[in-house]
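Visitor: Please take a close look at a single part of this structure. Then set it in its surroundings.

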Amino acid sequence: MEFLITLWQQFLTTLPLFILILLGYIAVKMGRWQKTVTDSVTKFTFYIAFPIMLFQIMSHFSEHSEIDINLLLVFFGGSFIVFALSCFIAVKFFKLNGSESTMFAMGGIYTNTVFVGIPIINMLLGEKAIPIVAIIVIFNALILWTLATVSIEFVQMGKLSSKGFIKAFKNVSKNPIIIGIFVGIAVNYIGIPLPMFIEKSTQMVSDMTAPLSLIVLGMGLAEYKIRNDLHITIAICIIKLFVLPIATYILGKLLGLPLLELQVIVLLSSVSIAINCYMMARQFEVLQGPIASSLLISTALSSITTPLILSIMLQLPFA
């Protein structure tokens with residue numbers, strides 16, 4: 001009974017976040033807005049709102065407790081383990097080829113750290129957890145894009161080259177979110193106090209970014225449809241929403257990760273698949289239908305599974 005009460009409380013806590021996603025979805029579906037509206041609002045959120053929010057938070061980085069570098073080892077170590085397992089499943093059970101198995105595995109590990117992860121972590125664990133998320137965000141795109149690019153290049157060409165690494169690094173270095181994080185860290189460690197008008201302006205943008213990002217995500221999801229190959233889609237969602245957070249939790253406990261950091265990375269790993277994964281599928285022209293379907297289904301299911309995973313963690317005697 002205590003577990004059910006905790007689960008219900010966590011579900012009610014996260015419910016407003018998913019209502020905002022639904023609001024964006026309905027606005028596009030019923031309002032018949034043109035795609036340019038979604039593109040424009042998404043561009044504003046990604047290029048302006050999120051960088052400013054992360055700049056504002058990271059400019060006060062030293063006010064938060066020191067972050068254990070082991071969290072990167074746990075988060076990405078768990079991702080690599082699940083990636084290898086997913087590739088095996090794709091080849092063994094679904095008979096996918098090399099490029100398809102790589103994209104199948106990416107769907108199982110590519111977390112929506114920005115549009116969903118940050119709002120959920122902020123709601124459930126508070127702003128003190130955001131610097132931990134920021135550290136993950138810095139490396140997430142670089143490592144996963146490099147992993148996908150190099151894996152598919154190896155499958156298609158039979159060899160690795162420095163071009164894949166260099167291309168991925170260049171793309172990530174231009175990412176406005178990464179720039180916002182690094183500029184904020186620089187301001188923090190230089191120690192120059194920000195003028196009050198800048199501090200208040202960035203705080204106002206920061207306050208609106210999380211709800212705006214969820215509405216934008218719902219608007220973007222309205223463009224996708226549930227397509228064929230549902231057996232592949234279901235497998236991707238199971239791996240993403242259950243297998244990845246379990247692997248992350250076990251690895252985190254083995255390496256003795258502090259409780260807050262453990263909760264952050266397990267919750268991050270439990271949220272839905274990133275839209276970037278669909279962009280990746282389009283770029284490589286591999287599994288576009290199943291990845292698009294996984295976006296819709298994993299986002300809907302995570303409204304239940306993410307509070308469930310947090311509730312389970314809180315009930316474990318060694319948590």
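Guide: Ser294 sits in helix α13, which spans residues 288–315. Helices here are DSSP runs of H or I with at least four residues, strands are E runs of at least two, and both are numbered from the N terminus. The model is predicted: local features need pLDDT of at least 70, side-chain atom pairs count only at pLDDT 80 or more, and totals for chains, interfaces and linings use all residues. Numbering starts from 1 along each chain as its sequence is written, and side-chain values use heavy atoms, with hydrogens and water left out.

Is Ser294 buried or exposed? Ser294 is buried, because its relative accessible area is 0%. Buried means under 20% relative accessible area, exposed means over 50%, and partly exposed lies in between (1.4 Å probe, protein chains only).

Which residues touch it? Leaving aside neighbours within four places in sequence, Ser294 contacts Thr233, Ile236, Cys237, Ile273 and Thr299. Contact means heavy atoms within 4.5 Å. Ile236 is 58 residues away along the chain, yet the C-alpha atoms of Ser294 and Ile236 are separated by 6.8 Å.

Next, a helix pair: α3 (residues 70–94) and α10 (residues 230–254). Their axes come within 9 Å and cross at roughly 145 degrees. Axes are lines fitted to C-alpha atoms, for helices over the stretch in contact, and angles run from 0 to 180 degrees between N-to-C directions. The crossing of α3 past α10 is right-handed. Right-handed means that the near helix is turned clockwise from the far one by less than a right angle; anticlockwise is left-handed. Residues of α3 in this contact include Leu73, Val82 and Phe94, while those of α10 include His231, Ile239 and Leu251. By class, the contact of α3 with α10 has 13 nonpolar, seven polar and no charged residues. Ala, Val, Leu, Ile, Met, Phe, Trp, Tyr, Cys and Pro count as nonpolar, Asp, Glu, Lys and Arg as charged, and the others, Gly among them, as polar.

Now the whole protein. It has 13 helices and zero strands. Buried residues make up 52% of its 319 residues. Among contacts between residues at least 6 apart in sequence, 85% join residues at least 24 apart. The protein exposes about 14900 Å², with carbon and sulfur atoms supplying 69% of that area. Areas come from the Shrake-Rupley method with a 1.4 Å probe; for residues, only the protein chains shown count as cover.
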